[in-house]
Amino acid sequence: MENQESPFKAGLNSGLILGIISIVITYIIYFIDPTLLVAWYVGIGILVLYIGLIIYFGSQYRTSIGGFMSFGTAFNFAFIAMVVSGLLGICGNLLLYNVVDPALPGVLIESQMETQMAMLEKFGAADSMTSEQLDDIRTSLESGYTVTGQLKAFGFLLIAYAIIALILGAILKKRDKSLDY
């Protein structure tokens, strides 16, 4: 019997690769224009790349284990890969926010505030905002760049990872139809 790689080990290896790619992309974006780190279109582009890479690594894993993979195995692979990648990404972000450029969170908060104010103006609600409400928004944004804020965000990301892993599990699974008779 051949020695097959477990979904945990395959997910761990893929997650390490995805995490390193995530950190490299984050730092490249930081060096190009730090405000792009909070741009919605950059986030969507990275998410699409991320999902595409998980599908690629998952299909490679499926091929390595004989060409067939159950939904549970595919889910485990995708979820573990995303969790490992997310943990590495948080480490990279904390390093960026606290060591490389401690002033960066302030720049990103200002960019986010400008974006939110532009959106509120578009809906006609900017004039009704009090300075206390604006301070609450700013405080909320500032807390997101702390270690505690990053860990809380990761907790919510685990839910998103589980949902995405369910979808990816459905995409990656492949049943051996020769066993149906």
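Trainee: What is the mean pLDDT of the protein chain, and how do I read it?

Mentor: This is a predicted model, and pLDDT is the predictor's own confidence in each residue, from 0 to 100. Where it is low, the predicted coordinates should not be read in detail. Here the chain has a mean of 88, and 95% of its residues reach 70 or more.

Trainee: Which elements have the lowest and the highest mean pLDDT?

Mentor: Helix α5, residues 131–143, has the lowest at 84, while α1 has the highest at 94.

Trainee: Okay, on to the inside. Which residues touch the most other members of the largest nonpolar core?

Mentor: Think of a core as buried nonpolar residues joined through their side chains. The largest one here has 22 residues, and Ile 54, Phe 77 and Met 82 touch the most other members. Two or more residues come from each of α1 (7–32), α2, α3 (71–100) and α6. Helix α3 gives the largest share, 8 residues.

Trainee: What is Phe 77 in contact with, leaving aside its neighbours within four places in sequence?

Mentor: Quite a list! Among its contacts are Pro 7, Ala 10, Ile 54, Phe 57, Tyr 61 and Leu 172. There is also a second, separate core of 10 residues, including Leu 96, Tyr 97, Leu 108 and Met 113.

Trainee: Now a charged residue. Is Arg 62 buried or exposed?

Mentor: Look at relative accessibility: under 20% means buried. Arg 62 has 17%, so Arg 62 counts as buried. You'll find Arg 62 in helix α2, residues 40–64.

Trainee: And what does Arg 62 touch, not counting residues up to four places away in sequence?

Mentor: Arg 62 touches Gly 67, Phe 68 and Met 69, and also Ile 171, Leu 172, Lys 173 and Lys 174. Take Gly 67 from that list: this glycine is in the loop between α2 and α3. Its relative accessible area is 18%, so Gly 67 is buried too.

Trainee: How far apart are Gly 67 and Ala 78 in space?

Mentor: Their C-alpha atoms are 17 Å apart, and the two residues are 11 apart in sequence.

Trainee: Last stop, the surface. Which residues make the nonpolar surface patch?

Mentor: Phe 156, Ile 159, Ile 163, Ile 167 and Ile 171 make a patch of about 540 Å². Phe 156 is found in helix α6, residues 147–172, and Ile 171 is in helix α6 as well.

Trainee: Why does Phe 156 count as exposed?

Mentor: Exposed means over 50%. Phe 156 has 63% relative accessibility, so Phe 156 counts as exposed. Ile 171, at 46%, counts as partly exposed.

Terms used: Residues are numbered from 1 along each chain as its sequence is written. This is a predicted model: local features need pLDDT of at least 70, side-chain atom pairs count only at pLDDT 80 or more; totals for chains, interfaces and linings use all residues. Side-chain values use heavy atoms; hydrogens and water are left out. Helices (H or I, at least four residues) and strands (E, at least two) are DSSP runs, numbered from the N terminus. Buried means under 20% relative accessible area, exposed over 50%, partly exposed in between (1.4 Å probe, protein chains only). Contact means heavy atoms within 4.5 Å. A nonpolar core is a set of buried Ala, Val, Leu, Ile, Met, Phe, Trp, Tyr and Cys residues joined through side-chain atoms within 4.5 Å. Patches are made of residues with over 30% relative accessible area and no salt bridge: like charges are joined within 9 Å, nonpolar side chains (Val, Leu, Ile, Met, Phe, Trp, Tyr) within 5 Å. Accessible areas come from the Shrake-Rupley method with a 1.4 Å probe; for residues, only the protein chains shown count as cover. A salt bridge is a side-chain nitrogen of Lys or Arg within 4 Å of a carboxyl oxygen of Asp or Glu.
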